[in-house]
Amino acid sequence: MASEVAAEPRVGAELPPLEIPVTRTLIVAGAIASRDYQDVHHDAELARQKGSPDIFMNILTTNGLVGRYITDHFGPTAVLRKVAIRLGAPNYPGDTMVLTGRIEDVVEDDDGATATVRVVGANGIGRHVTGTVTVTLPGAGVSPGAGESPGTGASSGVDISPGGCAS
Amino acid sequence: MSAGVPETDEPGVRLAGYEGRAAAVAGVGKDPVNLPMIRHWCEAMGDTNPGYAGPDAVAPPTMLQAWTMGGLSGHVGRTGAYDELVGLLDAAGCTSVVATDCEQEYLRPLRPGDEVAFDTVIEAVSERKTTKLGTGYFVTTRTDVRVAGELVGTHRFRILKYAPARREPPAPRPRRPRPVVNRDNAGFWEGVAGHRLLIQRCAECGTLRHPWLPGCNACGCPEWDTVEASGEGTVHSYVVMHHPPFPAFDPPYAVGLIQLAEGVRMVSNVVGVPYDKVRIGLPVRVEFRRYGADGADGGGGDGEGALVLPVFRVVEGEG
């Protein structure tokens, strides 16, 4: 089916942004769907006692949303190989997270191509998530121009010092 | 440890001893990979990928950790070492936890029916770090996830166990400066309190004056009475305050010199238009604003001693 052929990956290409309204419902639904019952993800009062202004999204939900962002873009044939994320500014209810992505590297292999995508999710108070996703796109060719920007992939890793929230 | 090293992170040294030790051995997922949990996950994430539904469904790869979660009934396969480590951190005051990093590799998709088993090792315990949240230790674990002995994915997870930084209570917003009320001007402020703008009038020559003074500028007579201003006026001149900021004021704001209809001038805020739309000649009308007690100035925290001030609102249709 032509519609299921993954989009051609090209180094330097930007993925269209995805806006995620950070609702209380999303935070709680994501926490429970990931079986994470830490109170800071569903109980605002206890979250405040622990020094947080409100409940906040758990990392498993962020991980799921990053994965969805990539497969939404490349289509259902895309296969996630690796998702590496680091959290920064928390996702509190009422905020909006905008996921953006940039293809940093494309490697052709027998089955298609494997792309490395640098992903950033920014909310109203900063960068909620930064990371990289490696995704295999079966049947995808390497479009002309790929690989003409050597080095762009090299710096694509997580580039913040250990402890993203360290001040 | 050499005796000469100052300021050793004593708990950190002990904690580092946990590196390489198992945190979970032969843990088993509480449920086999299954469609209902996949569907709930996809609903929460808004993920409509058709590959995650139907007879040939696979689980979203990012669910990897979810299959290993203990849920409300607690973790499985967890070792004494991990609980000890957590206990030491708790005892060091690091009672809060937040996840900071997650790195997952997926070797093959998980399918409904797959029975997940896992082993977790403590890879690293950091030195004591100071973060915005508080000071604490980063603990990194790596979990290998297997199905029927086959490695299907790895999951590296980093948490910060920390002592929450004491949050400073927000400083009460400074009060607006209070007028200095004395024998010579008390009548003016009494008028303002009653929402009346009073102008002093010389009892001898009838000259109006503002601000209030003990005697007449024109004839020197100390006797006076008052007339109530109509409240109508125009902007005679103005300045816009950008800098320096004064406590209780939010620059930029316009300070107007208002020519009252009766002929005297007074200084006050011009309201009802943005600061940069104030112009000489704009018609204005007095308005009595209450500041403080009810937080109407955004000041809040004033409690008792609310302040009433005459300000000048641009007349509708102008500006």
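What follows is a short chat about this predicted model.

Q: Let's start with aromatics. How many aromatic pairs does the structure hold over all chains?
A: Five.

Q: What is the geometry of B:Phe188 and B:Trp189?
A: Their ring centres are 5.1 Å apart and the planes sit at 80°. Planes over 60 degrees apart count as edge-to-face, so this pair is edge-to-face.

Q: Is B:Phe188 buried or exposed?
A: B:Phe188 counts as buried, at 7% relative accessibility.

Q: And how accessible is B:Trp189?
A: B:Trp189 has a relative accessible area of 21%, which makes this residue partly exposed. The cut-off for buried is under 20%.

Q: What about B:Trp212 and B:Trp224, how do those rings meet?
A: Edge-to-face, because the planes are at 65°, with the centres 5.2 Å apart.

Q: Where do the two sit in the chain?
A: They are 12 residues apart, and the pair links distant parts of the chain. B:Trp212 is in the loop between strand E8 (208–209) and strand E9 (224–228) of chain B. B:Trp224 is in strand E9 of chain B.

Q: How accessible are they?
A: B:Trp212 is buried, at 8% relative accessibility. B:Trp224 is partly exposed, at 37%.

Q: Which residues do the ring pairs link into a cluster?
A: B:Phe188, B:Trp189, B:Trp212 and B:Trp224.

Q: OK, charges on rings. What does B:Arg176 lie over?
A: The face of B:Tyr291, at 4.1 Å from the ring centre.

Q: Strands next. How does E10 of chain B join E13 of chain B?
A: Antiparallel, through three bridges. E10 covers residues 232–241 and E13 covers residues 283–291. B:Gly233 stands opposite B:Val284 in E13(B).

Q: And what about E13(B) with E14?
A: That pairing is antiparallel too, over eight bridges. E14 of chain B runs through residues 307–314. Here B:Phe288 stands opposite B:Pro310.

Q: Switching to the chain contact. How many residues does the contact take from each chain?
A: 36 residues from chain A and 41 residues from chain B.

Q: What area is buried between chain A and chain B?
A: About 3,200 Å², with carbon and sulfur atoms giving 59% of it.

Q: How many salt bridges does the rule find across the interface?
A: One. A:Arg86 forms a salt bridge with B:Asp101, and the closest N and O atoms are 2.6 Å apart.

How values were computed. Residues are numbered from 1 along each chain as its sequence is written. Chains are lettered from A and ligands numbered from 1 in the order in which they are written. This is a predicted model: local features need pLDDT of at least 70, side-chain atom pairs count only at pLDDT 80 or more; totals for chains, interfaces and linings use all residues. Side-chain values use heavy atoms; hydrogens and water are left out. Rings of Phe, Tyr and Trp (its six-membered ring) pair if their centres lie within 6.5 Å; planes under 30 degrees apart count as stacked, over 60 as edge-to-face and the rest as tilted. Buried means under 20% relative accessible area, exposed over 50%, partly exposed in between (1.4 Å probe, protein chains only). Helices (H or I, at least four residues) and strands (E, at least two) are DSSP runs, numbered from the N terminus. A charge sits over a ring if NZ of Lys or CZ of Arg is within 6 Å of the ring centre and within 35 degrees of the ring normal. Two strands pair if DSSP finds at least two bridges between them. Contact means heavy atoms within 4.5 Å. Buried area is the accessible area (1.4 Å probe) that two parts lose on being put together, summed over both. A salt bridge is a side-chain nitrogen of Lys or Arg within 4 Å of a carboxyl oxygen of Asp or Glu.
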